[in-house]
Amino acid sequence: MAPPQGATSHDGAAAEQRHVDGRALLAGAIVPLVTPMDRPGHPSAPAADALLRALAAAGTRGLMLFGSNGEGPLLPTAELGEFAVGVAGRWRELTDGGPVLVNVTAPGTAEALARAAAVRPAVPDALVLSPPIYFHHRHDEIVAHYAAFAGLGVPVVAYHAPRYGNPLTPALLDELTALPHLVGIKDSSGDPALFGHALAAARRRDGFGVSQGAERQALDALRLGADGVVLGVANLAPAVTVELCRAHHEGRAEDARRAQQLLDQVLALHTVRPGVPAVKAVLAARGLCPPYAAAPFTPCSDGERKALLDLLDPFDAQLIHA
C-alpha cells in the first residue's frame with residue numbers, strides 16, 4: 001500500500017520523521033472503532049466493511065484502531081497487522097485519504113514497540129500511546145517510554161486514560177508536549193482541570209493537537225479549544241458526533257447543545273450492559289458488525305440485547321444505518 005499523501009517511507013528505524021500538523025490530524029470527529037470479528041477474538045477487516053461504509057457515509061473523517069472501544073489490550077500482537085492494513089486501506093478509499101490512527105498501548109515499552117512494528121504496514125497517520133499499563137511507574141520512566149518511539153518515523157499521539165493505567169500529570173504533560181515526535185494528546189480523564197492544563201501545554205507549541213475522549217464533556221472541551229473529539233459513542237451515532245463538531249465550529253450553539261444532549265441519551269445503553277459488548281450488540285442488530293468480542297468479554301444475552309434495542313428505539317433515526 002502506498003503511504004498517504006505527504007507521508008514518508010517507513011523503511012528502517014531511521015526513517016525521517018513525518019512533519020504532521022497535530023491540530024489538523026485531530027480536528028473534527030474521529031471514531032475509536034470497535035473491532036469487528038469473524039469469530040471471538042479474531043479481528044476481520046472484511047467483517048468491518050459494512051460499518052466502515054456507514055461511518056464514512058455519516059461524514060466521519062478519521063478512525064482510531066485498537067483503543068479501549070477496539071478491545072486493543074485484549075488482542076494479541078499477532079492479530080493486529082492484517083486487520084490494520086485492511087481497515088486502513090478501505091477507509092482511505094472511502095474517505096479520500098481520511099486519517100487512521102492506531103493505538104499500540106501495552107504494559108511495557110518492548111511490547112508497545114512490537115505492536116507498532118506489527119501495524120507498520122498499515123502506514124498509520126499516527127501511533128496512539130498511553131503510559132505503560134498495569135505497573136505504577138515514575139515520571140522519568142513514563143517519559144522514557146514515550147521517548148523510545150522517537151526513531152520510528154511515525155508521529156505519536158499521547159492517550160490519557162487513567163482508569164486503565166498511569167495518569168499523565170501536569171508535569172508529565174509539560175515534558176511530553178516538548179517531545180518533537182509527539183503531535184497531540186487525546187484526554188479521556190474527564191478531569192476539567194487537567195484538560196485545561198493539557199490545552200495550555202499544547203498551545204505552547206505550534207501544531208500540537210488536543211482531542212477530548214470523555215463523551216459527556218465533548219462540547220465543553222470544544223468550547224475550551226479542543227481541536228476535535230474521539231468518542232466511543234460515535235460508533236453508534238456518527239452523524240450526531242459530526243454535527244456536534246460542525247455546529248460548534250459554525251457557531252450554532254443551540255444545535256451543538258442538542259447534539260451533546262442526544263449523545264448523552266444514547267450513552268444510557270451502558271446502564272444495561274457496560275462497555276463494548278453493548279455497542280456491538282446494537283451494531284449487530286443493524287447488520288453492521290458481528291457480536292463477537294475478545295475473551296474474557298462475552299456477547300450480550302438475549303435479554304440484554306432486547307433491553308438495549310428497546311432503550312435506543314426512540315433514537316432510531318439518529319443512529320447509524322447500513
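Me: Are helix 9 and helix 10 roughly parallel or antiparallel to each other?
Reply: In this predicted model, local features need pLDDT of at least 70 and side-chain atom pairs count only at pLDDT 80 or more, whereas totals for chains, interfaces and linings use all residues. Residues are numbered from 1 along each chain as its sequence is written, and side-chain values use heavy atoms, without hydrogens and water. The axes (lines fitted to C-alpha atoms over the stretch in contact, with angles of 0 to 180 degrees between N-to-C directions) of helix 9, residues 238-249, and helix 10, residues 253-266, come within 8 Å and cross at roughly 155 degrees. With over 145 degrees counted as roughly antiparallel and 65 to 115 as roughly perpendicular, helix 9 and helix 10 are therefore roughly antiparallel.

Me: How many nonpolar residues does the contact of helix 9 with helix 10 have?
Reply: Contact (heavy atoms within 4.5 Å) involves V240, T241, E243, L244, A247 and H248 of helix 9, and D255, A256, A259, Q260, L262 and L263 of helix 10. Ala, Val, Leu, Ile, Met, Phe, Trp, Tyr, Cys and Pro count as nonpolar, Asp, Glu, Lys and Arg as charged, and the others, including Gly, as polar. On that basis the contact has 3 polar and 2 charged residues, and the number of nonpolar ones is 7.

Me: How many charged residues does the contact of helix 2 with helix 3 have?
Reply: Helix 2 contributes D49, L52, R53, L55 and A56, which meet V87, R90, W91, L94 and T95 of helix 3. By class there are 6 nonpolar residues and 1 polar residue, while the charged residues number 3.

Me: Is helix 11 roughly parallel or perpendicular to helix 12?
Reply: The axes of these two helices lie 10 Å apart and pack at an angle of about 75 degrees. That angle makes the orientation of helix 11 to helix 12 roughly perpendicular.

Me: How many charged residues does the contact of helix 11 with helix 12 have?
Reply: A278, A281, V282 and A285 of helix 11 meet R305, L308, L309 and L312 of helix 12. Of these, 7 are nonpolar and none is polar, so that the charged count, by the classes given above, is 1.

Me: Is the peptide bond from A295 to P296 cis or trans?
Reply: P296 sits in the loop between helix 11 (276-285) and helix 12 (302-312). Most peptide bonds are trans. From A295 to P296, however, omega is near 15 degrees and the bond is cis.

Me: What is phi of E71 near?
Reply: E71 belongs to the loop between strand 4 (62-65) and helix 3. Most residues other than glycine have a negative phi. For E71 the value is positive, near 60 degrees.

Technical notes. Helix = DSSP H or I, 4+ residues; strand = E, 2+ residues; numbered from the N terminus. Parallel < 35°, antiparallel > 145°, perpendicular 65-115°, else oblique.
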